[in-house]
Amino acid sequence: MNLVALVTYLLVMSITPGPNNLVLASSGVNYGFSRTLPALLGMALGLAVQIGLMTVFLGQVAGLISSVQLYLALAGCSYLLWLSWGMARAGAVDKADGAAAPMGFTGGLLFNWLNPKVWLMGFNIAVVFLPKHMDPLAAGLLFSLITFAVGLPCIALWAGSGVAIRRWLASPRRLRAFNCGMAAMLAGTAFWLMAQMLPAHVLPVVSALI
């Protein structure tokens, strides 16, 4: 196993814009770092667990996953579009309003299972980096630990960046523009991920309809 290549791949995939990072940056702006921390830890742990499970069971479920891949993509991207709609409608958070709450640990833990980027990432890691003669259970545990160690600081950086510009976004107009911009990026990410997961013969038909 090329450990350097695996870490580099995880670093690039974890720190580049994606649904997780956009949600965390938006949460950092609207709720601050401490209230975003449970979701951040949940996402990091969820990502590590998902990568480990996909590594262990890829051989047994590869056929099944391939047959339902498009449906998983539809469900995941639909959820991302719904999330972007809610993000666009978010306004300034009133600290006295107990109804306003960020995504919690459980939400962050489960978020990856509806994130098409994570599914693509997991498939690539299991297929490309899984050593042929290594025990799948040991490989899954190792990949989980490496994924958590690399992914946590990367997504924390996005949450922290949201906190850093929170004061500048104290203006309701600026905050509204920021939320709408992040929502647009999240929706665009959903459509892009959908295009990546569509079968090759379907893309020309979709392009013609658009």
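Among the contacts in the chain with a separation of 6 or more, 89% are accounted for by residues 24 or more positions apart, where contact means heavy atoms within 4.5 Å. The model is predicted, so that local features need pLDDT of at least 70 and side-chain atom pairs count only at pLDDT 80 or more, whereas totals for chains, interfaces and linings use all residues. Residues are numbered from 1 along each chain as its sequence is written, and side-chain values use heavy atoms, with hydrogens and water left out.

**Overall make-up**

- The chain holds 8 helices and 0 strands, these being DSSP runs numbered from the N terminus (H or I with at least four residues for helices, E with at least two for strands).
- Read from the N terminus, the elements follow the order α-α-α-α-α-α-α-α.
- Of its 210 residues, 42% count as buried, a term that stands for under 20% relative accessible area, with exposed meaning over 50% and partly exposed in between (1.4 Å probe, protein chains only).

**Helix H6**

- Helix H6 covers residues 136-164, and its 29 residues reach 41 Å from the first C-alpha to the last, close to the 42 Å expected at 1.5 Å a residue; the expected span is 1.5 Å times one less than the number of residues.
- At Gly151, H6 bends by about 30°, and Pro153 follows within four residues; the bend is the angle between axes fitted to the seven residues ending at a residue and the seven starting there.

**Packing of H1 against H6**

- Two packed helices are described by the angle between their axes and the distance between the axes.
- The axes of helix H1 (residues 3-15) and H6 come within 9 Å and cross at roughly 35°, the axes being lines fitted to C-alpha atoms over the stretch in contact, with angles running from 0 to 180 degrees between N-to-C directions.
- The crossing of H1 with H6 is right-handed, that is, the near helix is turned clockwise from the far one by less than a right angle.
- The residues making this contact include Leu3, Leu6 and Val7 of H1, and Phe143, Ile146 and Gly151 of H6.
- By class, the contact of H1 with H6 has 13 nonpolar, 3 polar and no charged residues, where Ala, Val, Leu, Ile, Met, Phe, Trp, Tyr, Cys and Pro count as nonpolar, Asp, Glu, Lys and Arg as charged, and the others, Gly among them, as polar.

- The 13 residues of helix H2 (residues 19-31) should span 18 Å at 1.5 Å a residue, which agrees with the 18 Å between its end C-alpha atoms.
- Because 13 of the 13 residues of H2 are buried, this helix is largely enclosed by the rest of the structure.
- H2 and H6 pack at an angle of about 35° with their axes 6 Å apart, and H2 passes H6 in a right-handed crossing.
- In this packing, residues of H2 including Asn21, Leu22 and Gly28 meet residues of H6, among them Ile155, Trp158 and Gly162, and the contact divides into 8 nonpolar, 4 polar and no charged residues.

**Two individual residues**

- Asn20, found in helix H2, is buried with a relative accessible area of 10%, and, leaving aside neighbours within four places in sequence, Asn20 is in contact with Met43, Phe111, Asn112 and Asn115.
- Leu45, found in helix H3 (residues 33-88), is partly exposed with a relative accessible area of 34%.
- Not counting residues up to four places away in sequence, Leu45 touches Phe105, Leu109 and Phe148.
- The C-alpha atoms of Leu45 and Leu145 are separated by 9.4 Å, although these residues are 100 residues apart along the chain.
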